Amino acid sequence: MPDTAARGVVAVVVTFQPEVAVTSVLLRALAPQVEHVVVVDNGSPAGTVDALRAELAAVGGELLTLDANLGIGEAQNRGIARARELGARAVLLSDQDSVPAADMVARLVAGLARARAEHGPVAAVGPVTVDERNAGAALLFSDHRWGPRRALLPDEDGALAPATFLIASGCLLDVAALDAVGPMNAAWFIDHVDLEWGLRARRAGYGLFGVVGAQLGHALGDRVQRIPGRERDVHIHSPVRNYYMARNTVLLVRSGLLPVAWRVGYLAWITKYTGFYVLAVAPRARRARLLLRGLLDGARGRTGRLQEDR
């Protein structure tokens, strides 16, 4: 283990059909900062798995392979379980295409200790994640009347910014808090999994904070699209992701985790989200079908992986 690594921190990276060259940049940036790296691959082809295994051998990491795509929540839970076996006191989650700054983990570890000292029980801290495709927009969200909105960040380096939830990639989880809050919601498969866990953590009495100066580059969505009149571009997802976003937003509204005003805010948001994709983003017919199915499945309480032949 490098001398600069944060002892007791295990990184869990979830991959699904990754561009291995891109993921290699992440692994080589992350490995010197943590005690162990565990990659959980969600059913990628054999050639991709072999290439990942070779990259992990170069950085001293290990690979857990799943026979099928079981979703982000289940993969994270499998990785967290392995991190516990390795003696982790904290788990750093990462997507396959994020790029941490060289001092990100050290800053997060220091931020977690400071947050505990100043605010009591803390479930997790996260970096100020930036999507460079979108004018450097920071992906950190705080409480507002109608739901989470982008946080106003303090100027002070190392300052703590209270967060509604933390984007999973780059999030440093306290293992002891996981015992109290519970695992990721694997039944939701993907989308809002990090939000739902963060809301459960706060309901259990734990705080969540972004650490100013801890930096992570992260690409949200498949691409971005400019919309006239908006300050920032809109992140564009695939039609299948439209299904999960619609379904899980309805499940979130029904979960009991949101105050009344936030339920209204999320219902208004998913209405705008649905309208935008149906009217403005091809393939419109397929998106409309999957969005409607997602809304109906959410209302029925259906979870798990989308079966498109259903």
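In which helix is Val260 found? Val260 is found in helix α8, which comprises residues 260–280. Helices (H or I, at least four residues) and strands (E, at least two) are DSSP runs, numbered from the N terminus.

## Basis of the report

This is a predicted model, in which local features need pLDDT of at least 70 and side-chain atom pairs count only at pLDDT 80 or more, while totals for chains, interfaces and linings use all residues. Residues are numbered from 1 along each chain as its sequence is written, and side-chain values use heavy atoms, with hydrogens and water left out.

## Helix α7 and Thr249

Helix α7 covers residues 239–254 and contains Thr249. Just after α7, Gly256 takes a positive phi of about 85°.

A residue is called buried under 20% relative accessible area, exposed over 50%, and partly exposed in between (1.4 Å probe, protein chains only). Of the 16 residues of α7, 13 are buried, so the helix is mostly covered. Thr249 counts as buried because its relative accessibility is 0%. Leaving aside residues up to four places away in sequence, Thr249 touches His192, Tyr244, Tyr266, Trp269 and Ile270; contact means heavy atoms within 4.5 Å.

## Aromatic pairs

A pair of aromatic rings is described by the distance of the centres and the angle of the planes. Rings of Phe, Tyr and Trp (its six-membered ring) pair if their centres lie within 6.5 Å; planes under 30 degrees apart count as stacked, over 60 as edge-to-face and the rest as tilted.

The structure holds six aromatic pairs. One of them, Phe141 with Phe165, is stacked, at 5.5 Å centre to centre and 10° between the planes. This pair links distant parts of the chain, 24 residues apart: Phe141 is in strand β8 (residues 141–142), and Phe165 is in the loop between β10 (160–162) and β11 (172–174). Phe141 is buried because its relative accessible area is 16%, and Phe165 is buried at 9%. Phe276 and Tyr277 form an edge-to-face pair, with 5.3 Å centre to centre and 70° between the planes. Phe276 is buried, at 18% relative accessible area, and Tyr277 is buried at 0%. Ring pairs also link Trp269, Tyr273, Phe276 and Tyr277 into a cluster.

## Exposure of Val260

Val260 has a relative accessible area of 58% and is therefore exposed.
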